[in-house]
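Reader: Hi! Could you walk me through how the two chains here sit against each other?
Author: Happy to, let's have a look together.

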Amino acid sequence: MLSFILRRLGVIALTMLCLTLVVFFLINLDPNLKKLAITQTEMRATAEQQESWLQRNGYRQNFFIRYGQWLGVWPKQPVIDPATGEAKGRFAFCNEPAVPAFSGILQGDFGCSTKYKVPVSQKLFPALGATGLLMFWVMVTMVPIALLVGILAGMREGSRTDRTLSVASIATTATPEYVSGVIFAVVFASWLGWLNGSAASATSQGITFYNFTLPVMTMAIYGIGYIARMTRASMVEVMTQQYIRTARLKGLSFSSVVIKHALRNALIAPFTVIMLQFPWLLTGVVVVETMFRYQGFGFLLVQGAEANDIDLLLGCSLVSVFVVLFTQLLSDVGYAYLNPRIRVQ
Amino acid sequence: MQLEYIGAFQIVIGVIVRFWPVWVALAIVMGASFVYRKQLGLYGQLYGTGVGIAGVGICFFWLFTAIFAHTIAPFDPLAQISVMKDALPGAIEPESGMPFLFGGDKLARDVFSRMVEGSRIVLIIAPAATAFALMVGITLGLPAGYYGGRIDQILSFLANLVLAFPVILLFYLLVTPGIMDTPIPYGLAGLFFIFPIIFFCTLFYTRFKNRPDRLYWLMGFTILVGGWIYIGLVFNADPFGIVSIAPNQLNIFVAVVFASSPGVFRIVRGLVMDIKTRDYVAAAQTRGESPWYIMLWEVLPNARGPLIVDACLRIGYTTILLGTLGYFGLGLAPESPDWGTAIKDASRLLRSFIHPALPPTIALMSFVLGLNLLADALREQSMKD
């Protein structure tokens, strides 16, 4: 088991390395660097001024050297001021050192956000916290509802309840966040006026039922259908097993058979599904946070991508890849733990 | 100037009347299919259940809407008639005397016509991109599942790499306007679009290699037609000028194929690993058939059930992806009538006007719902066999 986890962690590290390399390559394409230079210099800066800005801040160094600097295996060079010939940090707002130093991800330095003019870690971790809060409430609403719907539907296959709930879950999986978000906002914010159509106040004044329900609801609804269908499938399978029939023939009531015998076995598969929902939730987070103006991870990602903020985007991709792969690992390990018939080699 | 309005009832009647070619086509196709459902195999069995009929009906509805879009839409989706700015549903356009059935948007365009024309963009890109993703996924998934070992490790690692990528970030990086100046989208397009040609060539070669009379004919046809489309799509240099694609659409196409083919790969790989233990595969191996013959003519036909279901779901998923692209304003032109872009435009103004937001959202939702219902019915039917 331990060697399995270690090997998987190794694969995770390798994947993160490859992915950041790809992201690094894509955001350092010439058109993207130009975009960065345009946002960072004055509006009317000429092409030469933009080019010299890129030169001065080290964006024209060799690709691999720059990747190494970001990673922390190659020293970051200070910028030489052309007027005074003095060496100084690259971006004054990040307190970068004026001497060559190893300062990258491996040293715990996420770099410097050119859009917000602060170190990336100062922006990234509060945003992650905010998103974590959103995710927590999404999970708290989504998982119990989805499991309940799935169990009720799968309990008696083919019944009227089953068909109604199945069609309802199919309908929710057909509703992406940007569709349900718009519909909910129309109904609950514009029409009924019960809820706030924007979650911007959640960041500054803390979350309330009034400003936080719409984002949570929008995100939860897309996942509910999927998890419910998986739970239903697993429940249907369990209900045809021999031990369920034995329990029924023993004279136990239907409800006690469901609760005591079926439930425990039927919930193994949904566990993995819920864990594997995280990549989906990450995309959902981006849409929902943009739509409701909630300053979390997804909002940051979009802002960074629009301004081509290199270090911020790399930090974001690192975090999201880690979340995706780590939940995959957790789901595999958890599955093996829950289902004694599966043994990890 | 005061606009005149028609009532809610007249709007409903008006919408139903505008869709008349769709109703006619639906009645003919579905009526005929229902009568001859016994002879139509899996497709005919769909007409046996309510869910199946609903799924087929919704999908056909949008298909025919896309085909007859120019007849249905009363106005040009891009035309701005300034007096109709933010007009409420049912407002009558003074010049032509025709109503804006679902009102006008903030740029004074007809929301109804935009929704109808938008179906064209969605129904061309989503199924086509899914088809290419299926080709790529199948061509790579077959050897990965059949041979296993090193090939499998490398391909699975690559697939997981793409799957671990946050989709939105991938789109932001791949579908920026700047990237059109680099060779990356063309390179990727060149890579992805070669897969169908390889697939069909291998398919025909393995089957007919001892029958040159049919082989040459089929191979020549594949290479000729495939090459023609390939040149038209990748280099935009079709000598006849029929096959062409706008650079930004190519970019979207490539990004969507890139994002969804690893999913197909994983499914195909799993199916192949299951099917290759069957007796008929062992029999073919004993006969001395080549590995690719076994993969393409023994394994693949037996994996078709789950693949068809997955293809239905995947078209829906691709539609959602396209909407996401439109929602973030990536790739498609800002005035494009596709549903995602329309949702983005309307959702910014929800506080003042809600009517431009509803038609595209409901359109997108119903189309994906139709596909999901279809997939569900297909799955149920294939389980019965």
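Reader: Great. How are H7(A) and H16(B) oriented to each other: parallel, antiparallel, perpendicular or oblique?
Author: This is a predicted model, to start with. The axes of helix H7 (residues 177-191) of chain A and helix H16 (residues 358-384) of chain B cross at roughly 135 degrees. Angles over 145 would count as roughly antiparallel and 65 to 115 as roughly perpendicular, so H7(A) and H16(B) are oblique to each other.

Reader: Thanks! And what is the handedness of that crossing of H7(A) and H16(B)?
Author: Left-handed. The two axes come within 10 Å.

Reader: Which residues meet there, between H7(A) and H16(B)?
Author: From H7(A) you have Val179(A), Val182(A), Ile183(A) and Val186(A), and they meet Leu358(B), Thr361(B), Leu364(B) and Met365(B) of H16(B). By type, that contact has 7 nonpolar residues, 1 polar and no charged.

Reader: Nice. Zooming out, how many residues does each chain put into the contact?
Author: Chain A gives 37 residues and chain B gives 35. On the chain B side, H16(B) gives the most, with 9 residues. The chain B residues that touch chain A divide into 22 nonpolar, 10 polar and 3 charged.

Reader: Switching topic: which residues are buried in helix H12 of chain A?
Author: In H12(A), which covers residues 268-276, the buried ones are Ala269(A), Pro270(A), Phe271(A), Val273(A) and Ile274(A).

Reader: And what do the buried residues of H12(A) pack against?
Author: Three helices of chain A: H5 (120-155), H9 (209-239) and H15 (310-338).

How values were computed. Residues numbered from 1 in each chain as written. Chains lettered and ligands numbered in written order. Predicted model: local features only at pLDDT ≥ 70, side-chain atom pairs only at ≥ 80, totals over all residues. Axes fitted to C-alpha atoms, helices over the stretch in contact; angles between N-to-C directions. Helix = DSSP H or I, 4+ residues; strand = E, 2+ residues; numbered from the N terminus. Parallel < 35°, antiparallel > 145°, perpendicular 65-115°, else oblique. Left-handed = near helix turned anticlockwise from the far one by under 90°. Contact = placed C-beta atoms within 7 Å. Nonpolar A, V, L, I, M, F, W, Y, C, P; charged D, E, K, R; others polar. Buried ≥ 20, exposed ≤ 12 C-beta atoms within 10 Å, placed from the backbone.
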